[in-house]
Amino acid sequence: MATKIKGLNFEQLVAAEKAANAVRKNYEDKVAMSRGIDYDSQNEKQQKEYAELSRRLSLVNAVRLKILNEMEKKLLNLGYDD
């Protein structure tokens, strides 16, 4: 069951961004561990795993950008007066 980002309130957006950030860090750590190995010397399984990690990291980053964009919209629409 997917949740629409636009339907979340600001507190939920902050929680979602923190969760996405934790997942991003996990994938970045896994990708960083694979960077020390020459891609051409990896076997086919290792290459597929690296490609999948990179793909998932890209997806998580895309979700984070959408969440941050929605947070920005909500902040700008608060309309605080001095």
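Is K74 buried, partly exposed or exposed? K74 is partly exposed, because its relative accessible area is 24%, where buried means under 20% relative accessible area, exposed over 50% and partly exposed in between, computed with a 1.4 Å probe on protein chains only. The structure is a predicted model, in which local features need pLDDT of at least 70 and side-chain atom pairs count only at pLDDT 80 or more, while totals for chains, interfaces and linings use all residues. Residues are numbered from 1 along each chain as its sequence is written, and side-chain values use heavy atoms, with hydrogens and water left out.

The protein as a whole has two helices and zero strands; helices (H or I, at least four residues) and strands (E, at least two) are DSSP runs, numbered from the N terminus. Of the 82 residues in the protein, 21% are buried. The accessible surface comes to about 6,500 Å², with 53% of that area belonging to carbon and sulfur atoms, as given by the Shrake-Rupley method with a 1.4 Å probe, for which, in the case of residues, only the protein chains shown count as cover. Contact means heavy atoms within 4.5 Å, and among contacts between residues at least 6 apart in sequence, 75% join residues at least 24 apart.

The two helices are α1, residues 10–35, and α2, residues 44–76, and their axes come within 9 Å and cross at roughly 155°. These axes are lines fitted to C-alpha atoms, for helices over the stretch in contact, and the angles run from 0 to 180 degrees between N-to-C directions. Helices α1 and α2 are therefore roughly antiparallel to each other, since angles over 145 degrees count as roughly antiparallel, under 35 as roughly parallel, 65 to 115 as roughly perpendicular and the rest as oblique. The contact of α1 with α2 has 16 nonpolar, four polar and nine charged residues; Ala, Val, Leu, Ile, Met, Phe, Trp, Tyr, Cys and Pro count as nonpolar, Asp, Glu, Lys and Arg as charged, and the others, Gly among them, as polar.

Leaving aside its neighbours within four places in sequence, K74 is in contact with K6, L8, N9, F10 and L13. The C-alpha atoms of K74 and F10 are separated by 7.0 Å, although the two residues are 64 apart along the chain. K6, one of the residues that K74 contacts, is found in the segment before α1, and K6 is exposed, with a relative accessible area of 63%. Beyond its neighbours within four places in sequence, K6 is in contact with E70 and K74, and its C-alpha atom is separated by 9.8 Å from that of K73, which is 67 residues away along the chain.

Within helix α1 lies E17, which is buried, with a relative accessible area of 14%. When neighbours within four places in sequence are left aside, E17 is in contact with R64, I67, L68 and M71. Among these, L68 has its place in helix α2 and is partly exposed, at a relative accessible area of 35%.
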